[in-house]
Amino acid sequence: MKRGTYFLCVCTVAFVGCGDDAARPAEDAAVVEEQAVDMAVESCQEFSTLGQTCASALDCDDGCFCNGMEVCGAEGICEAGESTCVTDVECAVATCDEETDLCEIVGDHGACSDGNACNGVEVCDIAFRGCRSGEAPFCNDDDSCTVDSCDARTGCVFLARDLDGDGFRDGRCGGNDCDDDPRFGTNVFPGATEDCFNRRDDNCDGLRDFDDSTCIPINGSCESARELPGPGTYSAATRTLLNSTELSCGQTSRPDAYFRLTIDELSDLRITVAASVASGVAFRRADACSEGPSEDLGCGSGSPAVVRRRSVEPGEYVIIVEQASLNAFELTVVLSEPTEIPNNDICNAETDDISEGGTFSGFFSEVSDDYALTCTGGRTVPEAAYRLSFDEPRDLLVTGTADRGLPVLSLTGDCSDGSRTLTCQNVGTTSPLRVRDIPAGEYFLLIESTDTRADTYEITAEVSEPTPRTPGDNCANLVDITPPDGETMAEVSLDLADLDLDGGTTCGGSRTGIRDAFISFTLDEASDVVLRTTSDGAFHHASLRSSCTDIGSELLCRGSNATNVLRFRSLEPGTYYAVVSRQSSVGMLDVRVEVSPPTPIPENDQCEQAIDIGGGYSSIDTLFGFEDDLPGCVGIRLVDAFYTFTLTDPKDVLISARRADGTLSSLTLTLRDGCEGEMNLGCDSGSPSIISRTLEAGTYVVFVESSSSFATEFILQASFFDPL
């Protein structure tokens with residue numbers, strides 16, 4: 001090494017210690033070495049041989065390492081040699097240390113940078129002998145609530161999501177922007193102005209369009225009707241509007257909103273009103289807008305309210321929406337290719353004929369409520385009509401479905417006269433309406449749904465040769481169970497599979513799958529009668545009427561899971577008809593009638609004729625045939641029987657009432673201080689019903705109440721004790 005050649009004086013340094021026989025401490029040797037290095041560096045810096053005469057390279061050595069080995073030139077003059085500390089790597093820097101005689105090659109990464117942090121960090125790779133590209137950064141923090149990007153100057157950037165760029169952070173990420181969709185949300189943010197017609201919550205207050213109090217409708221009349229540009233869904237409201245017209249399917253004095261619609265070509269039309277409350281919607285010609293409900297071309301009510309009309313002629317029309325309260329709603333108008341108009345809205349000679357059977361479907365929203373079905377209580381829902389015309393007796397089997405609820409089917413000889421109904425019941429695909437041996441003539445099949453929101457329906461009718469009615473199946477095939485002379489009891493068992501539904505009972509008979517049986521008995525003289533019915537321990541209904549065909553002539557009707565017991569006192573001579581129904585087509589119906597000598601009906605139907613029970617009382621009495629005279633504890637109309645007692649001294653009074661047939665149906669007991677008393681002194685509705693009170697001297701009235709459907713015999717007991 002050049003440094004070693006120069007520092008031959010190292011021996012001189014060693015000579016300093018030659019006279020010392022003892023070994024010097026290690027630290028002294030280190031100090032000596034450091035001093036030698038310092039002297040060499042100083043000599044290198046001060047001494048230069050360049051330009052001096054020389055005989056060999058040894059004469060030119062300046063003792064420096066970093067400037068390379070000097071040479072003796074051809075002229076015998078010392079010249080500089082090539083440096084030993086250099087590099088041909090452009091991005092690298094060579095540094096030399098005279099103190100350590102070391103040469104270090106270091107890469108300068110800054111010399112390689114292209115100023116773009118997004119394509120990776122460039123580095124100087126000496127082994128690669130130049131600049132080498134780095135790996136591009138992966139700018140994804142796996143957080144859906146940030147927008148990830150790369151900045152050429154700084155690298156990865158993760159910003160809170162604001163896709164629409166309106167300056168408000170997405171509400172789904174902890175911000176307060178309720179619509180961050182870049183397509184629509186630019187103008188949607190807290191504090192924005194509410195647009196009443198774009199079906200968006202522009203100001204992010206949770207209220208859209210007309211739900212927002214700043215949106216006030218002004219289309220409350222024919223003249224101010226809001227123009228609809230065509231089919232679509234529109235926000236609207238009846239808030240602040242008044243009642244300006246009535247709808248054929250609506251109710252009076254409800255606020256209404258008006259819309260004008262132009263139909264350019266023959267089209268089918270569907271109008272739907274969706275709201276949080278029940279609504280009504282009507283469709284009229286624009287020139288008849290103010291003419292009233294008689295001009296409605298279609299009207300629907302409910303939630304949603306729907307109107308459907310086929311093949312609507314081109315022209316100007318108005319849509320009128322009414323609501324039970326001042327609310328916002330959505331109005332949807334759909335126009336489609338025209339289809340043939342069915343003739344199944346009303347019953348007439350033009351009504352669609354299905355006498356040959358088949359499958360038929362339609363929409364409740366394109367028909368009106370024109371008739372009252374006997375088994376639905378006359379609900380105001382639309383029904384569709386079909387006609388059947390038979391030249392000879394026929395059997396009919398009909399099944400049906402509806403998109404909501406169960407279809408209700410009624411077969412009648414006159415749609416406007418309930419007494420002409422042959423049968424009426426809820427049906428389904430597994431519980432058809434079956435009528436056998438229908439006489440020749442014209443009939444109508446009406447269909448409605450148990451759900452007011454139903455829109456579509458389908459029925460399948462099968463018409464076939466008649467099969468004979470079985471005994472007990474209808475009024476024309478009665479089973480007579482009048483007890484023979486000398487007998488007090490008669491009974492019959494009927495198979496449900498042989499029966500159809502021909503009217504049912506007032507307390508049950510319009511439900512799915514009902515079958516009913518018709519039985520008669522005749523009384524030659526006034527008698528007490530007990531009618532007992534059972535049906536395999538299943539729930540069923542039993543009634544007694546004075547006319548087989550008139551359901552309105554029922555004397556009593558009740559239902560029970562076990563045995564139905566109907567008791568009657570002093571029935572007048574005549575023929576009576578028992579109708580028993582069950583919601584099943586499989587099983588047996590057992591009916592028994594028991595006849596005994598008449599017992600008088602108590603005269604305590606009115607308070608002024610109350611029975612005196614002051615001395616104590618225990619008797620089987622009746623509510624059959626009684627009327628409602630006074631409102632008792634429950635405050636509703638119930639038939640009642642009256643009792644009275646007078647106390648001359650204070651007494652503990654215990655009065656109880658329970659049904660004589662052992663059923664748990666409750667009776668109501670009411671205690672008052674006389675017929676004119678207005679304050680109830682005691683009340684109970686239970687099984688049994690009990691009043692236990694200490695009463696002062698005076699005259700009191702107690703009356704027993706029951707619904708007319710359960711107005712049979714009961715046991716009343718009354719006891720009086722001296723107070724303890």
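1. The largest pocket is lined by 34 residues. Lying nearest its centre are Thr421, Leu422, Asp502, Gly503 and Thr549. Two elements each give two or more residues to this lining: strand 22 (421-426) and strand 23 (433-438). Please keep in mind that this is a predicted model.

2. What volume does the largest pocket have? The value is about 830 Å³. Its lining divides by class into 16 polar, 11 nonpolar and 7 charged residues.

3. Next comes the second largest pocket, with a volume of about 640 Å³. Its lining also counts 34 residues. Closest to the centre of this pocket are Cys249, Gly300, Ser301, Thr380 and Pro382. Strand 13 (279-285), strand 14 (298-302) and strand 15 (305-312) are the elements that give two or more residues to the lining.

4. Which strand gives the largest share of the lining of the second largest pocket? That is strand 14, with 5 residues. By class, the lining of the second largest pocket holds 14 polar, 12 nonpolar and 8 charged residues.

5. The structure holds 1 cavity of 30 Å³ or more. About 40 Å³ of space lies in the largest cavity. Its lining is made by Ala372, Leu373, Thr374, Ser410, Thr412, Asp414, Cys415, Asp417, Gly418, Thr421 and Leu446. Of these residues, 5 are polar, 4 are nonpolar and 2 are charged.

6. Strand 30 (residues 540-545) and strand 31 run antiparallel, joined by 6 bridges. For a place to start, take Ala542: this residue stands opposite Arg558 in strand 31.

Methods
Residues are numbered from 1 along each chain as its sequence is written. This is a predicted model: local features need pLDDT of at least 70, side-chain atom pairs count only at pLDDT 80 or more; totals for chains, interfaces and linings use all residues. Side-chain values use heavy atoms; hydrogens and water are left out. On a 1 Å grid over the protein atoms alone, a cavity is a set of points where a 1.4 Å probe fits but cannot get out, and a pocket is an open set with protein on both sides within 12 Å along at least five of seven lines; lining residues have an atom within 4 Å of a point. Grid points are joined across faces, edges and corners, and a volume is the space filled by probe spheres set on the points. Ala, Val, Leu, Ile, Met, Phe, Trp, Tyr, Cys and Pro count as nonpolar, Asp, Glu, Lys and Arg as charged, and the others, Gly among them, as polar. Helices (H or I, at least four residues) and strands (E, at least two) are DSSP runs, numbered from the N terminus. Two strands pair if DSSP finds at least two bridges between them.
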